Amino acid sequence: MKETIKEVLLSILPITIVILLLQLFIIQLPVTQFMPFLFGVLIIGAGLVLFLLGVNMSLLPVGEMIGSALPRTNKVWVVVWVGFLLGIVVTIAEPDVRVLSSQVDLVSGGTIPKAVLLLSVSLGVGIFISLAILRIIFQLNFVILLIAGYSIVFLLASFTPPSYIPISFDAGGVTTGPMTVPFIMALGVGVASVMKRNTVSKDAFGLVALASIGPIIAVLLLGVIYG
């Protein structure tokens, strides 16, 4: 609990101090307008403490247990399929993705519906988590997969309307949120730990990097379709 509180304080205090200094010397908003910010900081701090405790107590152990149990089925398709489904479900639950999809729906005037963007990003993550699991199982070259993935990204970017390109990279960024990343990493460590190799850390490396490519490609494809 103490370590978690310390971690949260170190995360939110710098930005809080900066905004307080801006308020005192530059912005100088009325107190009635600034008080909600201070109240929000307290709520965010308490929420992050509870969230991180939940992640460490449940999400990470569950991810590792699932990851270590799947390969024991000796069925590659089961491992890949479950990884795909988990990637979709965890991404849908990711708060950052929901915020992005709401904002894009708002600024686009409904051209890109919230549900369509959310589902597309989730499918992208699920597909690339499956690919990352296959990389661990068959020891595929991580660098080649990255080059191939971003080659597809830049190829699609040449056909996609320019307005979709920043949205696609934002989508790749928001999937590396507090819900998705711990679970993906725990899942990868679990899968790698039962492969009877001495390269667990190396095998589990890069899952988040690969998973971030999927949403970029998914949104670029949306741009090609809607554009």
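Reply: Helices here are DSSP runs of H or I with at least four residues, strands are runs of E with at least two, and both are numbered from the N terminus. With that in hand, Gln 139 lies in the loop between α5 (114-138) and α6 (142-157). Gln 139 isn't a glycine, yet its phi is positive, about 50°. Most residues other than glycine have a negative phi. Gln 28 is another case: not a glycine either, with a positive phi of about 55°. Gln 28 is found in the loop between α1 (2-27) and α2 (31-69), and it's exposed, with a relative accessible area of 53%. Exposed means over 50% relative accessible area, buried under 20%, and partly exposed in between, using a 1.4 Å probe and protein chains only.

Bear in mind that this is a predicted model, where local features need pLDDT of at least 70, side-chain atom pairs count only at pLDDT 80 or more, and totals for chains, interfaces and linings use all residues. Residues are numbered from 1 along each chain as its sequence is written, and side-chain values use heavy atoms, with hydrogens and water left out.

Now the setting. The protein chain has ten helices and zero strands, and its C-alpha atoms fill a box of roughly 65 × 50 × 25 Å along the principal axes. Of its 227 residues, 41% are buried. Take contacts (heavy atoms within 4.5 Å) between residues at least 6 apart in sequence: 80% of them join residues at least 24 apart.
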